[in-house]
Amino acid sequence: MRAWWQDVMDLVVPSECAGCGRPRAVVCAVCARALHSSPPRRVHPVPEPSGLPAVYAAAPYADAVRALLLAHKERGALALARPLGTALAAAVRAAAGGRGAAAGPVLLVPVPSAGGAVRARGHDPVRRIALAAAAELRRSGTPARVLAALRQRRAVADQSSLSPAQRGANVAGALGAAPGTGAVLRAAGRVVLVDDLVTTGATLAEAARALSAAGVEKRTHAAAVAAAPDSTGAPGPVGARPRARLRTPAEGRPGELPQNLHHRRSEED
């Protein structure tokens, strides 16, 4: 019973940092800096899918950040939702272009997960992080709430081995507005699509299309906890993810950051 209880507690309150394994910390100071030390950056997938809104990500998808996202998503380390949500909140502020109540309310729309994936994991990781981000935004003075406005209209294939063009075709028309959400979306001041990870941008572009079909025009932004970039700009191995270039608003030029080239389907955007 003691071992069973420890396993349960490790899911809710990890006994070691999920990013690096340091003991007695949900997220240690070193891994927290990887999430929060740099301002969110504009993400430019290469090639950039048509219809992709401006996307900001809080951190590069590498090392500790990758480990934290996977621990939350796949191992059910639910205590990580708050630090990941804090990072997402920073990206939402950058995407929505304002801070505090004076900038107006923000409506966060999570990218929906497949029902089978949610059942297998026992939770919806993107929605959970979005709720934590909304709470963080409210604590800092920005009125924010989460609306699960999108639904999957059909199943999509595993995207891990698909090219950018194939990914776009795979998700085209796969999302739609949930019944009864159109009026809320149209009345919202600032709508921000949120996800845990952006890679090619194909899913976020499809989500933006679905919102546009529901009547949300020109006010949709997008934010993610992390983006998968390439440090060299050189072609990667066959089957590697397409590159995503990040640019800071202040710099106005590309920033290149490390990329992990081997991923599972669960890490798709």
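This is a predicted model: local features need pLDDT of at least 70, side-chain atom pairs count only at pLDDT 80 or more; totals for chains, interfaces and linings use all residues.
Two strands pair if DSSP finds at least two bridges between them.

**Strand β2 and its partners**

Start with strand β2, residues 55-60. Five of its six residues are buried, so the strand is mostly covered under the cut-off of under 20% relative accessible area. On one pairing, β2 meets strand β1, residues 41-46. The two run antiparallel and share three bridges. Within this pairing, V43 has V55 of β2 as its bridge partner. β2 also pairs with β8, this time in the parallel sense. Five bridges hold that pairing.

**Strand β7 and its partners**

Strand β7 covers residues 190-198. Nine of its nine residues are buried. Strand β3, residues 106-110, runs parallel to β7 and is joined to it by five bridges. β7 also pairs with strand β8, residues 220-227. That pairing is parallel too, with seven bridges.

| Strands | Sense | Bridges |
|---|---|---|
| β1 and β2 | antiparallel | three bridges |
| β3 and β7 | parallel | five bridges |

**Two helices in contact**

Two packed helices are described by the angle between their axes and the distance between the axes. Helix α7 spans residues 164-171, and helix α9 spans residues 202-213. They pack at an angle of about 35 degrees. Their axes are 9 Å apart. The crossing of α7 past α9 is right-handed. On the α7 side, R167, G168 and V171 make the contact. On the α9 side, the residues are A202, T203 and E206. By type, the contact of α7 with α9 has two nonpolar, two polar and two charged residues.

**A glycine in a loop**

G76 sits in the loop between α3 (63-74) and α4 (81-96). Is G76 buried or exposed? G76 counts as buried because its relative accessibility is 14%, and the cut-off for buried is under 20%. D124 is 48 residues from G76 along the chain. The C-alpha atoms of G76 and D124 are separated by 9.8 Å.

Definitions and conventions: Residues are numbered from 1 along each chain as its sequence is written. Side-chain values use heavy atoms; hydrogens and water are left out. Helices (H or I, at least four residues) and strands (E, at least two) are DSSP runs, numbered from the N terminus. Buried means under 20% relative accessible area, exposed over 50%, partly exposed in between (1.4 Å probe, protein chains only). Axes are lines fitted to C-alpha atoms, for helices over the stretch in contact, and angles run from 0 to 180 degrees between N-to-C directions. A crossing is left-handed if the near helix is turned anticlockwise from the far one by less than a right angle, and right-handed if clockwise. Contact means heavy atoms within 4.5 Å. Ala, Val, Leu, Ile, Met, Phe, Trp, Tyr, Cys and Pro count as nonpolar, Asp, Glu, Lys and Arg as charged, and the others, Gly among them, as polar.
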